[in-house]
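These notes are meant for a colleague who is opening this structure for the first time. Please keep the sequence and the model in view while going through the numbered points.

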Amino acid sequence: MVEQDLEAWLEQGYVPSFRTACLILGNRADAEEAVQEAFLRAWRFRASLASVSSIQPWLYRVVVNACYSKLRQEIPHRDHRADDGPLAHIAGRGSDPDTMAQHGQVAETVLHALQQLPVSLRVPVVLRYYADLSERDIALAIGRRPGTVKSRLHEARRRLGEDPSIAALADEPTLDQTGEA
Amino acid sequence: MPALTDDFLGALFVEAGAAFEVPASGASDIVDRALGTDNGSSDGSDDGSLDEGAVTPAAETDEPPPGRRTGPGTLRSHRLLAVAAGLIVLAGIAGVGLALRPATGSHPTASVAAGPQRSTSTPKAGGPSRSFSPTQGTTQPQPKQSLSAPPSAAPQSTSPAGQSTKIAQTGSLDLQVPKGTLTSTITALTTLATRAQGFVANTQTRAHPGERGTSPQGSVTLEVPEASFGAVLHDAQVLGKSLNLTTKATDVTGKYVDLQSRITSLQASRQQYLAILAKATSISDILAVQAQLDTLQSQIEQLQGQLAVLTNETTYSTLTVTVHEPPPAHRPAPRAPSGIDRAWHDSVRGFFDGVDGVVGAAGPVLFVVLSLGVVALVGRLLWRRWQRHNL
């Protein structure tokens, strides 16, 4: 595997991995570090890719483990900086200010609801609904059985449904079922 | 509560994820670091046994990537492990100490040290000495002293040079006292030293008889003024039966005078150098004279220290008194037991030996159980924490 392979690999997986880490960690800087570590680890173990049937869950597993390391070792003991809060660096999409504000508000609401979930529920729900992994691939990514993933997803959905801000978004007609506001 | 469909949640999460701006240089940084730290291992032969089933959290955290920071959580875990290991080591040391403690440590020993410590065991060469041992019936008189004239009677004559004789005296007395009077005898010896304006340098008593039939005994080291040495020795002998007496007197007059004369000579030289210093005009002369003065002052202080030690030795004489009670009477050997008696006693002794063995083995077993309990507790704690963190 040469440099071009790594670049192709990053082109395919860096953006979803970065945003997955952002949703798990709730912090852009931590997510950037975690994804960087994850890709470096993956690059170091690239020799074993030949035996991997699908690189995607394996890569997500490395990313999730890097996020776990961040959550376990560094973030709980860190003094939060003024410009590095959980909701920092969120920018809404769109061309006009109203649309940007609306998208930003949705993103903040989702991120806030995710931060209320324990990590054990947050990781599978992000992998399921953002990374669009199957339950089997999620099980592979987090090292748990598919049954465990199913129950955790169910519990995560229940808790998100109980969140009033998420419920309010569900009632609004502005966000259609395809994700286009 | 509205039902959250998968499509709705997917749209929400995509929306939330898209709100995070992707760093422009993120991918290129990774390429730079990966290729910069690759150092030719592109074949991935370092740990390359990773597949879907082999990717474990441990496998990915055992090999920290370059620049990875060690978080406080790791340090805290290491501290916890270090504390647990320390507790186990301490418990092990305590257990080993208990196991190695001798079973015959039942002799209470009291040791009191007071006042300046002087060695009484170092022989002083060249001095007159004598030894008297009533039990052996031999007397070895030495030239300058006799039993009728104890060493205290000899002290301070005047030498032809006008210097009073300086005698450093030491003595040891082995005293046997009636049964039950050991403590009172030790107290009386202490009183003797105090009354003679001296002090007790060391006391050591063993109040209870030893296991091999040894009698209670103790020893007292008295430091008494040189003039009172004879009187104190005489009074001490009266307190019990004197079994062995050894005294030694060393004439240190010559050394004393020599030290004094050397000090006087050096002081005279110092005065001359001071006079020269007062007349010196150049800086180099002043410095040279000052260096000589410093050397002289150092020599004078060294000799004065030796003189002070010698004065102390001749001012106080050391008397070491060993006091002991008579050994217990020798019991006649019991008659040989009959066959039934012997069998009964063997049986009783075997029973108590068994009890001793059980009690003796209980300590190490308890230690092992406690150690395993600590290890299990720490392991359980770490396992639960690890599970909680890995979820």
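1. A definition comes first, since a later step rests on it: helices are DSSP runs of H or I with at least four residues, numbered from the N terminus. The model discussed here is a predicted one, and the points below should be read with that in mind.

2. An α-helix has 3.6 residues a turn, so residues three or four places apart point the same way. B:D346 is partly exposed at a relative accessible area of 38%, and B:R349 is also partly exposed, at 47%.

3. Salt bridges with shared partners also join A:E155, A:R158, A:R159 and A:E162 into one network. Over all chains, the count of salt bridges comes to 11.

4. Which residue of chain B pairs with A:R157 in a salt bridge? The partner is B:D6, with the closest N and O atoms 3.7 Å apart, and this pair crosses between chains, from helix α7 (residues 146–162) of chain A to helix α1 (residues 6–18) of chain B. A:R157 counts as partly exposed at 25% relative accessibility, as does B:D6 at 36%.

5. Within chain A, a salt bridge links A:R128 and A:D132, whose closest N and O atoms are 3.5 Å apart. A:D132 counts as exposed, because its relative accessibility is 59% and the cut-off for exposed is over 50%.

6. Helix α7 (residues 253–279) of chain B has 27 residues and reaches 39 Å from its first C-alpha to its last, close to the 39 Å expected at 1.5 Å a residue. Its buried residues are B:T253, B:Y256, B:L259, B:I263 and B:L266, and what covers them includes β7 (241–251) and α8 (283–315) of chain B.

7. A word of caution concerns confidence in chain A, which averages a pLDDT of 78, with 74% of the residues scoring at least 70. Where pLDDT is low, the predicted coordinates should not be read in detail.

Terms used: Residues are numbered from 1 along each chain as its sequence is written. Chains are lettered from A and ligands numbered from 1 in the order in which they are written. This is a predicted model: local features need pLDDT of at least 70, side-chain atom pairs count only at pLDDT 80 or more; totals for chains, interfaces and linings use all residues. Side-chain values use heavy atoms; hydrogens and water are left out. Helices (H or I, at least four residues) and strands (E, at least two) are DSSP runs, numbered from the N terminus. The expected span of a helix is 1.5 Å times one less than its number of residues. Buried means under 20% relative accessible area, exposed over 50%, partly exposed in between (1.4 Å probe, protein chains only). Contact means heavy atoms within 4.5 Å. A salt bridge is a side-chain nitrogen of Lys or Arg within 4 Å of a carboxyl oxygen of Asp or Glu. pLDDT is the predictor's confidence in each residue, from 0 to 100.
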